[in-house]
Amino acid sequence: MKQSSFRCALQWRWIAGIACGAAVSLAFAQSSSSTEKRHKKTTAAHHSTHASAEKSHSKRAEEHSTSSRERRGHHTPLRRVSMPKPTHESIRLSHAFVASATLRPMAQQLITSRSAAAYAGVTAFAAEHPGDGAAAANLALGHAYLLDKRYSDAELAFHRAAVGDAALSDYADYLGAQAAVQGNRAQDAVPLLTKFAERHPGSLFDDQAPVLLSNAYLAQNDPASALRVLQAAGTGAESSHVDYRLALAKTYQAAGNTTKAADLYRNIYLGDPLSPEAAVAKTQMLAMNTPLTAADRKRHADALFNAKQYGEAAEEYRALQKNDAELSQADRDALEIYVAVCDLRLKKLRPGEVDHLPDTGDDSAALRMYLRAELARSVGKYDEQDAIVQQLMQSYPHSRWLEEALDSGGNMYLIQHNNSRAIADYTALVEGFPQSIYAPKDHWHAAWLNYRERRYPEAARLMDEQIVRYPLGNEIPGALYWRGRLYEDVEHNFSQALNYYKALSDAYPNSYYALEGRKRIAIIGTKPAVAPAPALASVRVVDDPHLTDVLPENDPHLIKARLLANAALNEYIRPEIQLSDTSASWGALAEARIYQSFGEDARALQAMKRAHIPFFSLTVDDVPMPYWEMEFPRPYWTQLRTDAEANGLDPYLVAALIRQESEFNPGAVSPANAWGLMQLLPSTGKSLARKEGIRHFSTSQLLDPTTNLQLGTRDLKNSIDKYSGQIEYALAAYNAGDTPVHNWIALNNYKDIPEWVESIPYTETREYVQSIMRNREMYRAIYSGR
């Protein structure tokens with residue numbers, strides 16, 4: 001009976017397949033000296049300037065925001081950020097920040113290396129800076145000790161950090177309690193966590209403290225106290241957090257209520273399969289002798305597979321296949337095939353192994369066929385792959401594995417420039433699986449390849465359909481541009497072409513295609529107005545985010561974030577800022593400025609990217625300039641410009657390339673062994689160094705910005721010269737290598753460079769070229785004339 005219900009519940013089909021789901025959404029994607037000067041001013045001087053600064057900024061923001069909203073048809077009310085007045089807390093935090101202002105380099109070195117010398121340096125700082133400086137230094141020491149699992153040392157350091165009226169006493173208490181629990185001294189954690197929210201109102205750890213306190217009680221075999229704490233805390237949103245639910249399950253288990261514990265563990269295992277708590281839940285259920293059903297374990301393994309955790313998924317399938325005595329032979333056969341698809345993803349599956357997989361009569365048979373098709377493709381047996389896909393379409397027209405096979409086949413033929421067969425596979429996927437996660441991409445490929453085949457009416461129809469059916473997709477800027485080109489070049493409807501180019505420029509003003517579209521507008525000039533085509537009604541314009549560049553200097557969370565940076569508690573900077581009610585309007589800039597003030601330009605850029613501000617769907621006037629300067633920084637600018645101009649290069653092109661390659665991290669080393677700012681291979685660096693007269697060159701010199709820029713700009717110049725000055729060819733080669741680029745150029749059937757770029761079959765390379773060309777123009781727009 002259990003076997004039957006197991007198979008009926010699952011039908012041995014994949015749960016929440018990666019290819020089936022909602023349409024893909026569009027992913028959008030001051031100076032350090034002034035910041036330091038501002039921090040060094042007295043608190044009173046800070047406060048005296050806030051009122052006038054707020055008034056000036058509000059007027060300036062309202063002027064530019066109103067004009068941009070009117071221009072783009074927006075009527076969203078302007079967001080204003082109130083400037084908090086100084087309080088006892090903000091003054092205390094500001095003094096602590098000043099007292100620890102020089103700690104950051106030593107604390108960051110300690111977190112990075114955790115060497116004896118780094119520990120000694122921060123310890124010496126604590127001795128030399130009593131009070132707030134010592135508190136911050138001890139916080140840094142405790143944090144490092146925790147990472148090194150030196151729990152007794154961590155507990156002592158955090159205790160020292162909490163002495164007196166310490167500015168970050170909530171961090172010291174919570175992290176100190178964490179060290180005590182992990183170091184098997186749970187009794188020390190209880191006083192630190194009891195009534196934590198009352199002692200530290202508004203702390204980042206107010207929701208987490210009850211969970212840690214319950215764990216401390218459990219460690220002392222006191223489940224009653226643990227349950228009391230959790231029940232008191234479980235009236236708010238924190239009760240849905242997985243760590244809270246795990247703590248509650250462990251508490252019920254310790255109290256002997258295994259029914260409630262098992263229900264909680266099972267919900268965690270199935271509902272949060274990728275969390276660390278899921279593994280704990282599984283272990284505890286086994287310990288309670290209430291094992292998960294085979295259906296539960298299969299569902300969990302499917303979730304791991306769909307999250308691309310193929311090794312873990314294979315391990316779970318194998319364990320289920322071998323250890324569950326209640327499974328039928330048919331179930332075991334299906335699991336053997338699921339293990340094989342994990343091995344395929346891990347590039348471990350060999351052709352002969354598929355031939356020995358069992359024949360089944362359910363959806364796992366479709367999976368077996370998919371495996372055969374993929375292996376045939378991998379060895380160049382394309383006719384065999386096509387035959388298998390056709391068989392899949394006839395026998396399993398609704399299988400997820402047909403969906404996977406069609407996308408894989410289309411991609412293969414795209415790379416081979418077999419446009420007709422690629423169109424057939426992509427079209428079959430879109431028609432058979434219209435809600436597939438692949439559908440927006442594959443629909444666009446079908447539209448574009450019809451354009452490349454000069455089937456213009458069909459390309460036009462599909463491009464308009466793309467705009468209507470997938471209005472939030474990444475492909476919309478390209479669809480708008482190329483549909484405009486069809487109106488312009490083929491239909492000679494210049495007025496309608498202008499409508500498409502203008503819609504593109506309004507909705508995606510900083511995209512690669514908006515730049516190209518504005519070139520077409522300039523070429524066409526003025527034409528009689530016509531009503532926009534119906535498809536343009538689906539184009540979405542991003543509303544202004546109403547960001548401010550005036551930071552609320554007295555906001556306690558902002559000051560705490562800066563203080564945390566001094567102690568190198570980097571992972572808490574952003575969450576602390578986000579505790580402020582107004583941080584949506586300024587938090588990204590504040591976080592980036594914190595890092596920039598220490599010269600950590602890569603971290604600053606990454607902080608700005610994490611904010612997901614839709615920069616490329618906003619004009620430069622829609623966002624205060626400091627945000628643009630953080631999003632498109634210019635570290636090493638003097639050296640960069642000198643080397644670029646010495647090689648006849650546009651400095652903004654070099655900056656755009658570095659932003660894409662290393663995010664201005666001079667110490668970056670890629671998995672492909674590319675080094676430094678411009679990501680040079682050691683062999684390339686050695687060859688260039690010899691030609692540049694650099695004697696005794698070593699690869700480590702590529703981590704020196706001066707050397708890397710000197711050699712990197714020469715390398716970029718050589719590449720551009722190799723392609724007769726065509727920058728797009730050189731950039732594609734920088735990413736994909738010379739051989740594929742030569743092959744793409746050799747086709748010689750492109751009308752212009754934008755068509756060549758859109759035809760690059762490697763998604764990464766195509767987006768790489770478009771991004772750098774776009775970002776070069778962004779640098780020009782932001783810094784031109786400065």
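**Exercise 1.** Compare the reach of helix α42 with its expected span, and decide how enclosed α42 is.

*Solution.* Step 1: α42 covers residues 763–783, which is 21 residues. Helices here are DSSP runs (H or I, at least four residues), numbered from the N terminus.
Step 2: The expected span is 1.5 Å times one less than the number of residues.
Step 3: From first C-alpha to last, α42 reaches 30 Å, close to the 30 Å expected.
Step 4: Buried means under 20% relative accessible area, exposed over 50%, partly exposed in between (1.4 Å probe, protein chains only). In α42, 15 of the 21 residues are buried, so the rest of the structure largely encloses this helix.

This is a predicted model: local features need pLDDT of at least 70, side-chain atom pairs count only at pLDDT 80 or more, and totals for chains, interfaces and linings use all residues. Residues are numbered from 1 along each chain as its sequence is written, and side-chain values use heavy atoms, without hydrogens and water.

**Exercise 2.** Classify the phi and the exposure of R454 and H546.

*Solution.* Step 1: Recall that most residues other than glycine have a negative phi.
Step 2: R454 is not a glycine, yet has a positive phi of about 65°. R454 sits in the loop between α25 (439–452) and α26 (456–469). Its relative accessible area is 29%, so R454 is partly exposed.
Step 3: H546 is not a glycine either, and has a positive phi of about 55°. H546 lies in the loop between α29 (512–524) and α30 (556–566). Its relative accessibility is 7%, so H546 counts as buried.

Conventions: Helices (H or I, at least four residues) and strands (E, at least two) are DSSP runs, numbered from the N terminus.
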